[in-house]
Amino acid sequence: MNSLPLTRRDFLRRSGVGFGLLGLADLLAPSRGLQAAEATAIQAPHFAPKAKRVIHFFLNGGPSHVDTFDPKPALLTYAGKPLPRTLLTERKTGAAFPSPFRFQRYGQSGIEVSELFTQTAQHIDDIAVIRSMQAQVPNHEPSLMLMNCGDSIQTRPSLGSWLLYGLGSENENLPGFVAMCPGGYPIKGAENWQSAFLPGAYQGTYVDSQHTVVDRLIENIRSPHATAEVQRQQLDLLRTLNQEHRQTRLDPRLDARIESFELAFRMQTQAAEAFDVSHEPQHIRDLYGSGVHGRQTLIARRLLERGVRFVQLWHGAGQPWDNHEKIEQNHRKLAEEIDQPIAALLTDLKQRGMLEDTLVICGGEFGRTPSVEMSGSTSKLGRDHNPYGFSVWMAGGGIKGGTVHGRTDDFGFAAVENPVVVHDLHATILHLMGLDHARLTYRYSGRDFRLTDVEGKIVKEILA
């Protein structure tokens with residue numbers, strides 16, 4: 001993927017032909033006849049929400065649940081031996097592979113967490129761990145689409161787009177849905193935060209967070225050629241010409257083009273300020289750490305403070321957690337990059353009084369096998385994909401902390417108690433945000449669509 005610095009025009013184009021009709025209230029008033037024109041307005045939820053905003057740590061590639069949040073001591077008993085129960089895997093697997101990481105009980109709840117996440121584990125009494133998640137297939141692409149968009153096959157809007165469609169944005173000068181991934185795109189790229197058949201205003205905006213300078217994060221965010229007053233005059237003229245042009249046609253792409261210029265103008269001040277962590281006190285920057293994940297997590301908190309509805313933080317380009325070999329070495333390195341930033345965010349949100357109405361989610365598209373992956377007759381010391389049972393955790397707004405929900409079998413191969421499918425997870429997230437997943441619909445191609453299709457039940461056991 002192209003990892004060149006992001007220009008303002010690219011920033012807007014990647015958000016779904018600009019930000020669509022985000023701020024067309026001025027242009028279209030009093031009619032406000034276009035749905036996308038409502039994107040900047042705060043929409044009334046179906047009922048009182050527990051959370052107002054979401055931050056999603058996406059550990060793309062599939063972290064191993066039996067090495068992180070789902071201890072399986074029975075694997076020690078069968079170490080080097082065939083498991084008594086196996087399921088179909090994508091690649092050849094062999095004997096039981098005990099976790100190389102030590103687990104320990106934390107907090108008053110006594111929930112066991114791997115040594116990979118010792119700092120996050122300090123907050124376990126604020127966390128609900130779902131140990132019985134299930135996906136559908138052991139492949140990255142469909143599983144990413146399922147986890148992000150609710151369907152592994154058909155093109156559907158992403159979770160963040162549905163939230164923005166249902167609730168609106170609290171800041172008309174910033175995108176309401178931001179996806180940050182350092183170094184490039186994850187597998188499936190912008191499809192992970194697509195708006196699909198929803199108006200383009202609701203699509204996520206991608207930012208390559210590997211850059212440290214604001215002008216490289218969003219290149220050309222400041223104009224070197226014109227003052228704000230001159231730009232405003234230019235945009236007013238352009239808007240007049242575009243309005244005359246659109247009087248004879250109704251084309252959402254033209255509306256999106258009009259608003260893309262307007263939003264680019266508004267972003268010059270607030271976007272530059274929001275992405276600049278140098279405004280933070282040194283002790284806060286030290287709390288998050290100086291690495292790219294600390295920086296992008298701190299940026300995410302700043303965006304949430306400024307009314308951004310949904311922020312998704314990807315671990316990196318491609319699928320870094322896809323550790324088919326040398327899982328001890330690779331998982332340890334990846335966890336070291338993310339453990340401190342996650343713990344810092346939970347600490348920071350709590351100190352600011354934001355954790356109670358911010359929903360924090362962490363997980364990948366599936367888990368990994370408790371059996372070792374093989375290359376011929378040789379162990380690769382890694383794990384294959386496992387959609388049959390894995391872990392996702394949630395904290396913050398409306399979550400009952402110190403909770404474990406569901407269970408996988410004694411070896412961690414499959415969910416055997418209180419299984420949670422992705423539609424259930426999505427229904428629960430929408431519920432916490434004050435939305436009834438069965439009522440949040442959009443009519444397209446002759447039928448009403450929703451994020452959870454015709455399924456989904458709220459996981460009430462993890463709700464406060």
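A cavity is here a set of grid points where a 1.4 Å probe fits but cannot get out. The views below are taken from a predicted model, and the structure holds five such cavities of 30 Å³ or more.

**View 1. The largest cavity and the residues around its centre.** With a volume of about 140 Å³, the largest cavity is lined by 18 residues, and those that lie nearest its centre are Leu59, Pro63, Thr68, Phe69 and Ser391. Strand S9 (358–363) and strand S12 (390–396) each supply at least two residues of this lining, and S12 provides the largest share, four residues. By residue class, the lining of the largest cavity divides into eleven nonpolar and seven polar residues, with no charged ones.

**View 2. The second largest cavity and its lining.** The second largest cavity contains about 80 Å³ of space, and its lining is made up of His56, Phe58, Met147, Leu159, Ile361, Gly363, Gly364, Val392, Leu425, His426 and Ile429. Strand S1 (53–58), S9 and helix H13 (422–432) each supply at least two of the lining residues, with H13 giving the most, three residues. The lining of the second largest cavity holds seven nonpolar and four polar residues, and no charged residue.

**View 3. Helix H5, a mostly covered segment.** Helix H5 (residues 140–149) has eight of its ten residues buried, namely His140, Ser143, Leu144, Met145, Leu146, Met147, Asn148 and Cys149. One of these buried residues, Met147, also belongs to the lining of the second largest cavity. H5 is followed by Gly150, whose phi is positive, near 80°.

**View 4. The largest nonpolar core and the surroundings of Met133.** In soluble globular proteins, nonpolar side chains tend to be buried together. The largest nonpolar core in this model has 51 residues, and those with the most contacts inside it are Met133, Trp162, Leu163, Leu359, Met394 and Ile462. Helix H6 (residues 159–167) gives the most to this core, with six residues. When neighbours within four places in sequence are left aside, Met133 is in contact with Met147, Pro387, Tyr388, Gly389, Phe390, Val392, Val420, Val421, Val422 and Leu425.

Methods
Residues numbered from 1 in each chain as written. Predicted model: local features only at pLDDT ≥ 70, side-chain atom pairs only at ≥ 80, totals over all residues. Heavy atoms only, no water. 1 Å grid on protein atoms, 1.4 Å probe; cavity = no way out; pocket = protein on both sides within 12 Å on 5 of 7 lines; lining within 4 Å. Points joined across faces, edges and corners; volume = space filled by probe spheres on them. Nonpolar A, V, L, I, M, F, W, Y, C, P; charged D, E, K, R; others polar. Buried < 20%, exposed > 50% of the residue type's maximum accessible area, 1.4 Å probe, protein only. Core = buried A, V, L, I, M, F, W, Y, C linked by side-chain atoms within 4.5 Å. Contact = heavy atoms within 4.5 Å.
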